[in-house]
Amino acid sequence: MKLLVCVSKVPDTTTKINFTDNDTKFNTDGVQWIMNPTDEWYALVKAMELKEKNGGTVTVVNVGNGENDPIIRKALAIGADDAVRIDAEEKDSFYVAAQIAEFAKDKGYDLILTGKETINYNGFNVGGMLAELLDQPFVTLATSLEVEGEKATLTREIEGGEEKLEVNLPFVVSAQKGMAEARIPNMRGIMAARKKPLEVIPAADVEALTEVKSYDKPKGRGEVTLIDPENVEELVDKLHNEAKAI
Amino acid sequence: MSILVYAESFEGKIKKQGKEAVAYAAAMGDATALVLGTADESELSALGKLGVSKVLHVNDERLNAQDSKAYTKAIAEVANQINAEVIVMSFNSTGKAVAPRLSARLKAGLVSGASDLPDTSDGFVVKKGSFSGKGFAFYKITTDKKIITINPNSFPVKEEEGSASVEAVSVDLADSDFGIKVVSRDLVKGGIPLPEAELVVSAGRGLKGPENWGMIEEMAEILGAATACSRPVSDVDWRPHHEHVGQTGITISPNLYIAVAISGAIQHLAGVSSSKTIVVINNDSEAPFFKHADYGIVGDAFEVVPKLNEALKKFKESNN
Ligand SMILES: Cc1cc2nc3c(=O)[nH]c(=O)nc-3n(C[C@H](O)[C@H](O)[C@H](O)COP(=O)(O)OP(=O)(O)OC[C@H]3O[C@@H](n4cnc5c(N)ncnc54)[C@H](O)[C@@H]3O)c2cc1C
């Protein structure tokens, strides 16, 4: 099987979020960058599992500049065979998807995996856009995936439950919890990753469809109103009369 | 501005999120609703109560299962037929699969998970949550055609008098437009689907074991709420995985979120911080969740929750 995994670089989960330039830019000062969790734990590890079972190769692809290389090396340390970085600033999700589609279109990947969303943009966009640009089926929010020959069996989350699906290769899938168990790269993987190929290719000529004008932070909730555990009636009253929540 | 809104149905009925999308689109301007798959006649014309005057219906039972490829073709064709400038969908499992495809097909800028109506005073700017609840981004859509998916529970549905005209439309769908075969469906019986719930009662590792969830389920039952949990709770299978909220689980924005014996770690907050009202019950007054709550009780869940259930029961009885 020929597998492609899309990975993105995001600020670490616990990063304090701040904006600069009159709230028009994300403040990267002191930010620790990581591989997007769902890309790493579910999409990439699932690809490794499929390769171990069915044979084949796992390629990782990232759209970004040279600062992304440590994240790409981590993906190689987890076990991907090779990597491609498309050398461009990520403008918006369409721009990223179009770059990956342009790269992938004539390579004959059997399966393209992404994480369900990035934890900075929270878009859920790249996988679906990629599938459309490549004219392939797309399964989002997948919690399990098995491949038998040309046919894949998946489970995906829907509101209030789940569905079991069958899809023929090739297709695009976005992965979430359930797909695989996260793996920690070991020393051998880290050493091997140094020698694996990381190819840098130029960006295609693509227009973004959106731009971020500005950012804002949620208003704090203010002080919590503490209620005496001996007087839970007061909470019920406040939820009804003050918060109008019940 | 011509607006097309996809009103999602399930087993013949318009879903709550579909209604929210219709109300949102109607608040933006002159909107036409689109329903795909078989649907109850009365459900279609009733969309008029939400402010649309026209409903287009593609009555093709192959569309009863959500296949993003076929949906994209169907919605794009109808959008072209009526010259839609804006397409609105729900930011749910369907919208997450279909809206990005539509965006790529129509070269229409997409903002997914909008939490407010667009601001059109200077271009077309849509607000959405970003950084897992720690920020908002204001996206300007720079293309002529635009797509918005809206966050569940972020737009109120008010029904007024009204009835919409219903028109059957056909879309040329070949078998090759369908790439996905749904083999089976497993739905949570009886309860309210968590992503759609307005009230949510959630509990964490502090409850010590699955056998202690009875009082949580009881509270949910009294309130008509859905149940949720923190990640470690679903990781050890005390509760099903689809109840896990947070950065790695699902993101919800109910009117009321009651968190029992949950510490309020940042990854948990990522999934619940846009709840309108948050109540925290925790025996540790230093639990971080108290900093992100509207109301808090510092106390032992095993004592507080049963008392609270009694009080809620009394309240419900006297308010019915
Ligand atoms: C990358 C990453 C992603 C993650 N994603 C998620 C996610 O999506 N969702 C999520 O929830 N977590 C997530 N986590 C885990 C998260 O960091 C916390 O570990 C988790 O939320 C803690 O769950 P908890 O509050 O139930 O348990 P604990 O941290 O064990 O806290 C239990 C709480 O219960 C209280 N308590 C104990 N006994 C009682 C009692 N008798 N009465 C009242 N209170 C009591 C304690 O004071 C404590 O505050 C993630 C972590 C990482 C690193």
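## A tour of the contact, the ligand and a few local features

Begin with chains A and B together: the area buried between chain B and chain A is about 7,100 Å², and carbon and sulfur atoms give 59% of it. Keep in mind throughout that this is a predicted model, and that the values given at each stop are computed from it.

**The contact between the chains.** Select the residues on either side of the contact, and you will have 87 residues from chain B and 77 residues from chain A. Between the two chains there are 44 residue pairs in polar contact, counting pairs in which both residues have pLDDT 80 or more. Colouring the side of chain B that touches chain A by residue class gives 37 nonpolar, 32 polar and 18 charged residues. The salt bridges between chain B and chain A number nine. For an example, show the side chains of Glu230(A) and Lys307(B), which meet in a salt bridge with an N to O distance of 3.4 Å.

**A strand residue at the contact.** Next, select Phe138(B), which you will find in strand β9 (residues 135-141) of chain B. With its neighbours within four places in sequence left aside, Phe138(B) is in contact with residues of chain A, including Glu211(A), Val212(A) and Tyr215(A), and with Val125(B), Val126(B) and Lys127(B) of chain B.

**The ligand.** Now centre the view on the ligand, which lies between chains A and B. Which residues are closest to the ligand? Of the 27 residues that surround the ligand, the closest are Arg205(B), Ser230(B), Ser263(B), Gln267(B) and His268(B). Sorted by class, this shell holds eight nonpolar, 14 polar and five charged residues.

- A polar backbone atom of Ala301(B) is 2.8 Å from a nitrogen atom of the ligand.
- A polar backbone atom of Ala261(B) is 3.0 Å from an oxygen atom of the ligand.
- A polar backbone atom of Gly249(B) is 3.4 Å from an oxygen atom of the ligand.

Taken alone, the ligand exposes 970 Å², and the protein buries 80% of that area. To see the elements that give two or more residues to the shell around the ligand, highlight α6 (231-235), α7 (266-272) and α8 (301-318) of chain B.

**A salt bridge within chain A.** Over all chains, the count comes to 37 salt bridges. Select Arg85(A) and Asp69(A), whose side chains meet in one of these, at 2.7 Å from N to O. Because Arg85(A) lies in strand β7 (residues 82-87) and Asp69(A) in helix α2 (residues 69-78) of chain A, the pair ties together parts that are 16 residues apart in sequence.

**Two loops of chain A.** Finish with the backbone of chain A, where Leu169(A) and Pro170(A) are joined by a cis peptide bond with omega at about -5 degrees. Pro170(A) sits in the loop between β11 (161-168) and β12 (171-175) of chain A. Asn122(A) is placed in the loop between β8 (111-115) and α4 (126-133) of chain A.

Key. Residues are numbered from 1 along each chain as its sequence is written. Chains are lettered from A and ligands numbered from 1 in the order in which they are written. This is a predicted model: local features need pLDDT of at least 70, side-chain atom pairs count only at pLDDT 80 or more; totals for chains, interfaces and linings use all residues. Side-chain values use heavy atoms; hydrogens and water are left out. A residue is near a molecule or strand if one of its heavy atoms lies within 4 Å of it. A polar contact is a pair of N or O atoms within 3.5 Å; within protein, one must be able to donate a hydrogen and the other to accept it, and residues adjacent in sequence count only if both atoms are side-chain atoms. Accessible areas come from the Shrake-Rupley method with a 1.4 Å probe; for residues, only the protein chains shown count as cover. Helices (H or I, at least four residues) and strands (E, at least two) are DSSP runs, numbered from the N terminus. Ala, Val, Leu, Ile, Met, Phe, Trp, Tyr, Cys and Pro count as nonpolar, Asp, Glu, Lys and Arg as charged, and the others, Gly among them, as polar. Contact means heavy atoms within 4.5 Å. Buried area is the accessible area (1.4 Å probe) that two parts lose on being put together, summed over both. A salt bridge is a side-chain nitrogen of Lys or Arg within 4 Å of a carboxyl oxygen of Asp or Glu.
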